[in-house]
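Here are my notes on this entry, written for someone opening it for the first time. Please keep the sequence and the 3D view at hand while reading.

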Amino acid sequence: MSPEPRPIPVIRFEREGGAPRVVLSGDWTLRLLQPDLDALERQLEQATADCAWDLEAVSRLDSFGALLLWRSWGRQRPPGLVLPDRLEPVFARLAELGDSGLPLERGYRFLDGTEGVGRIFFKMLRNAVGFVALIGQLVIDFAHLLHTRGHWPVLETSANFYKVGVRAMPVTALVGFLIGVVLSYLSALQLRAFGADVFIVNILGLGIIRELGPVLVAVLVAGRSGSAMTAQIGVMRVTEEIDALAAMGISPYVRLVLPKVVALTLAMAPLTLWGSAVALFGGMVSANLQLDLSFDYFVNALPRAVPVANLVIGLGKGAVFGLLIALVACYFGLRVKPNTESLSANTTASVVTSITVVILVDAVFAIATRSIGLPR
Amino acid sequence: MSDCPIQVQGLETRFGQTWVHRGIDLVVPAGEVVALVGGSGSGKTTLLRQMVGLLRPNAGAVSLFGEPLFAGSRAEQLERRRRFGMLFQHGALFSALSVFANVAFPLREIGIADDAMLRDLVQLKLAMVELDADVALRMPAELSGGMVKRVALARALALEPELLLLDEPTAGLDPDLSSGFVRLIRALHRALGLTVVLVTHDLDTLAALATRVAVLAEGRILAFGPLDEIMNVQDPFIERFFHGERARAALARGRGMG
């Protein structure tokens with residue numbers, strides 16, 4: 001038992017005794033107007049200014065239909081309008097509206113580009129200042145914690161360690177292994193041409209332990225854990241959980257930021273060790289297949305080719321990267337404003353910034369440690 | 001009464017092991033303001049969400065405008081959905097869009113692309129909910145709680161619905177704002193001839209707005225009718241809900257708004 005269909009809107013032009021009349025009938029509602037809107041609008045345009053309008057036969061009129069007519073009348077009642085009382089309020093509301101219109105959004109102007117560059121510069125400056133402020137606040141709260149022997153967020157730190165460290169092991173291993181295989185395979189092709197097969201140990205050992213391992217793991221962790229930290233703190237900001245903490249007199253820096261920073265700093269060194277080890281293993285497998293280099297030889301030659309200082313540098317870099325990634329992630333998380341756009345923008349900024357910072361700091365490390373651990 | 005806006009038949013809902021609804025029958029006649037009341041956890045909001053098809057009941061059927069909710073092709077279902085507007089408890093404004101874009105969103109979606117027309121329509125809707133035109137460029141995060149509800153109402157009205165569903169329209173508003181909001185809804189109800197279904201546990205709102213009350217308890221509709229009739233029903237829940245000291249005061253206040 002389907003309900004009866006409503007009468008469709010109809011517009012009819014009548015010309016009796018010289019005075020043109022426009023007679024409307026049917027339901028002038030959005031639901032029935034919308035399917036045929038263009039044709040109706042064209043018909044409405046045909047009506048001339050001296051037309052008399054008759055709305056007596058209109059069965060329903062909603063504000064969309066009324067607005068459509070209102071616009072075609074030039075925002076005023078046309079002379080000779082026949083309007084039944086029941087439709088009066090709709091037009092009264094439209095007349096009240098006046099023709100002030102909504103405020104316009106400003107369009108794009110020529111100088112806006114220049115202004116945009118300036119804005120980016122100041123934003124970077126603000127971010128740098130804010131980042132330093134975050135570190136400062138963290139140090140102050142940490143000192144306070146030491147001083148008052150308050151509640152140490154041990155449980156949170158341990159949970160974060162598990163989340164960012166242990167849970168990241170499979171993906172780190174997979175990517176590390178594959179990179180090791182590829183690197184070893186490509187190097188082996190070149191080395192064999194010079195008959196320098198055995199130097200594969202030096203290349204892989206030095207390259208992975210000192211450089212590739214830490215950076216690779218840092219990039220993975222920035223994408224995996226950094227973004228998660230930003231999103232988590234960001235949503236907590238949106239749902240006012242951070243304000244709730246602050247209202248209880250609990251520093252969100254101690255409870256939220258500190259455990260994340262400590263956990264990631266602690267987790268990154270072992271994670272780097274793990275990633276580098278698996279990458280070396282991948283390289284070893286590939287070298288074994290490509291160059292017939294035995295595992296025994298590889299393992300024995302490694303300590304001779306790569307001084308232990310390199311391992312220290314690699315793991316140290318890993319820890320520093322972890323510290324930076326966590327700080328950057330928390331900084332952007334705390335900047336999230338309560339809307340979805342801000343959340344997505346800050347998560348993106350967090351990942352991009354932390355990867356950039358990792359690579360910049362890696363370059364600084366390369367210069368600072370250029371005379372340590374390298375065979376001459 | 002084949003084309004009354006909402007018809008619920010034998011509706012049953014279960015969450016895990018808990019039965020929320022055990023056979024609900026409800027017919028909402030056109031042009032009425034029906035308030036769903038009940039204790040917390042009685043499944044008021046769940047019922048409202050089932051009426052608009054956001055949740056599917058375990059058993060039973062919901063009909064909108066005389067047709068089963070999920071009947072027909074995609075186009076027909078879409079058509080049916082556009083005949084009602086819903087106001088969510090917290091507004092559910094799209095936080096990434098400005099007020100203007102929020103209200104214009106459903107209109108753009110049905111293919112009204114003419115910019116001048118959109119601006120006029122949005123201005124009209126904002127005026128209907130008694131908001132100034134200059135809030136149009138603000139973002140939802142920059143609005144107060146009462147304004148958020150008004151903008152959400154403007155968005156719900158954008159498609160000229162015949163049926164309006166309100167989930168806790170006055171929750172979280174202070175008494176002054178909430179009586180203003182009640183007046184607004186009542187004025188719109190009169191002006192547009194809407195059918196309104198609202199979930200509330202605010203007795204002020206209930207007394208001021210509802211032409212009929214449906215009391216939901218123990219998974220059933222305990223009573224359905226005008227408030228005065230409901231007040232006379234002998235039932236422990238209704239006794240507690242409507243005849244407490246605070247309840248009497250609230251009801252008197254609500255009636256005073258009329």
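1. Strand β6 (residues 84–87) of chain B pairs with β7(B) in the parallel sense, over four bridges. Pairing requires at least two DSSP bridges between the strands. Gly85(B) stands opposite Leu164(B) of β7(B). Strands are DSSP E runs of at least two residues, helices H or I runs of at least four, both numbered from the N terminus.

2. A word on the basis: this is a predicted model, where local features need pLDDT of at least 70 and side-chain atom pairs 80 or more, while totals for chains, interfaces and linings use all residues. Residues are numbered from 1 along each chain as its sequence is written, and chains are lettered from A and ligands numbered from 1 in the order in which they are written.

3. β7(B) also pairs with strand β8 (residues 195–199) of chain B, again parallel, over five bridges. Here Leu163(B) stands opposite Thr195(B). Helix α6 (residues 175–192) of chain B carries the chain from β7(B) to β8(B) in a right-handed β-α-β crossover (clockwise from first strand over helix to second, with the strands pointing away from the viewer).

4. Is β7(B) buried or exposed? Five of its five residues, 163–167, are buried (20 or more other C-beta atoms within 10 Å of their own, with C-beta atoms placed from the backbone). One side has Leu163(B), Leu165(B) and Asp167(B); the other has Leu164(B) and Leu166(B).

5. The contact between the chains takes 28 residues from chain B and 24 from chain A (C-beta atoms, placed from the backbone, within 7 Å). Helix α4 (residues 115–128) of chain B gives the largest share of its side, seven residues.

Notes: A residue is buried if 20 or more other C-beta atoms lie within 10 Å of its own, exposed if 12 or fewer, and partly exposed in between; C-beta atoms are placed from the backbone. Two residues are in contact if their C-beta atoms, placed from the backbone, lie within 7 Å.
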